[in-house]
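Trainee: Could we go through this structure together, one question at a time?

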Amino acid sequence: MPWKEIWGSYKGRIMGITAGIFFGFIYLWAGFWNMLFFALMVFIGYTLGRRSDSALGSFLPWKEWSEWLSQRWRPFK
């Protein structure tokens, strides 16, 4: 079978096995809790990148918070 057919038919399985091997090596190298923290960081990075790619805007409304703080909190009036 040509590689394009294999990739087209079994793309999800290949990616799942690759991810499993990758996280398995991280588990062996760094430990379980470090692996979970790393996976959380990857997920957060993916989520922020996806939002940026699809032009959904920032994950946190920084502009709204800065406007709210500038109206509510003025220490030197």
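Trainee: Is Phe 23 buried, partly exposed or exposed?

Mentor: This is a predicted model, and the class of a residue is judged from its relative accessible area, where buried means under 20% and exposed means over 50%. Phe 23 has a relative accessibility of 27%, and because values between those two limits form the middle class, Phe 23 counts as partly exposed.

Trainee: Which residue does Phe 23 pair with as an aromatic partner?

Mentor: The structure holds 1 aromatic pair, and it is edge-to-face, with 5.4 Å from centre to centre. The partner of Phe 23 is Phe 22.

Trainee: What is the angle between the planes of Phe 22 and Phe 23?

Mentor: A pair of aromatic rings is described by the distance of the centres and the angle of the planes. Planes over 60 degrees apart count as edge-to-face, and that is the class given to Phe 22 and Phe 23. The angle between their planes is 65°.

Trainee: How many helices does the protein chain have?

Mentor: Read along the sequence, the chain follows the pattern α-α-α, and it has 0 strands. The number of helices in the protein chain is 3.

Trainee: Which helix gives the largest share of the nonpolar patch?

Mentor: The nonpolar surface patch covers about 930 Å², and its residues include Ile 17, Phe 25, Trp 33 and Leu 36. The elements that give two or more residues to this patch are helix 1 (3–30) and helix 2 (32–53). Leu 36, which is partly exposed at 37% relative accessible area, has its place in helix 2. The largest share, 5 residues, comes from helix 1.

Trainee: How far apart are the C-alpha atoms of Phe 25 and Met 35?

Mentor: Phe 25 has its place in helix 1, and at 55% relative accessibility it counts as exposed. Phe 25 and Met 35 are 10 residues apart along the chain, and their C-alpha atoms are separated by 9.4 Å.

Trainee: What share of residues 21–46 is helix?

Mentor: An unreviewed UniProt entry lists residues 21–46 as "transmembrane region". Over this stretch the chain is 0% strand, and the C-alpha atoms at its ends are 19 Å apart. The helix share over residues 21–46 is 96%.

Trainee: What percentage of the 77 residues is buried?

Mentor: The protein chain exposes about 7400 Å², and carbon and sulfur atoms supply 69% of that area. Buried residues make up, of the 77 residues in the chain, 4%.

Trainee: Which element has the lowest mean pLDDT?

Mentor: The mean pLDDT of the protein chain is 76, and 74% of its residues reach 70 or more. Where pLDDT is low, the predicted coordinates should not be read in detail. Helix 1 has the highest mean among the elements, 83, while the lowest, 69, belongs to helix 3.

Note on methods. Residues are numbered from 1 along each chain as its sequence is written. This is a predicted model: local features need pLDDT of at least 70, side-chain atom pairs count only at pLDDT 80 or more; totals for chains, interfaces and linings use all residues. Side-chain values use heavy atoms; hydrogens and water are left out. UniProt positions are given in the numbering used here, feature names are shortened, and annotations may be inferred rather than shown by experiment. Helices (H or I, at least four residues) and strands (E, at least two) are DSSP runs, numbered from the N terminus. Patches are made of residues with over 30% relative accessible area and no salt bridge: like charges are joined within 9 Å, nonpolar side chains (Val, Leu, Ile, Met, Phe, Trp, Tyr) within 5 Å. Accessible areas come from the Shrake-Rupley method with a 1.4 Å probe; for residues, only the protein chains shown count as cover. A salt bridge is a side-chain nitrogen of Lys or Arg within 4 Å of a carboxyl oxygen of Asp or Glu. Buried means under 20% relative accessible area, exposed over 50%, partly exposed in between (1.4 Å probe, protein chains only). Rings of Phe, Tyr and Trp (its six-membered ring) pair if their centres lie within 6.5 Å; planes under 30 degrees apart count as stacked, over 60 as edge-to-face and the rest as tilted. pLDDT is the predictor's confidence in each residue, from 0 to 100.
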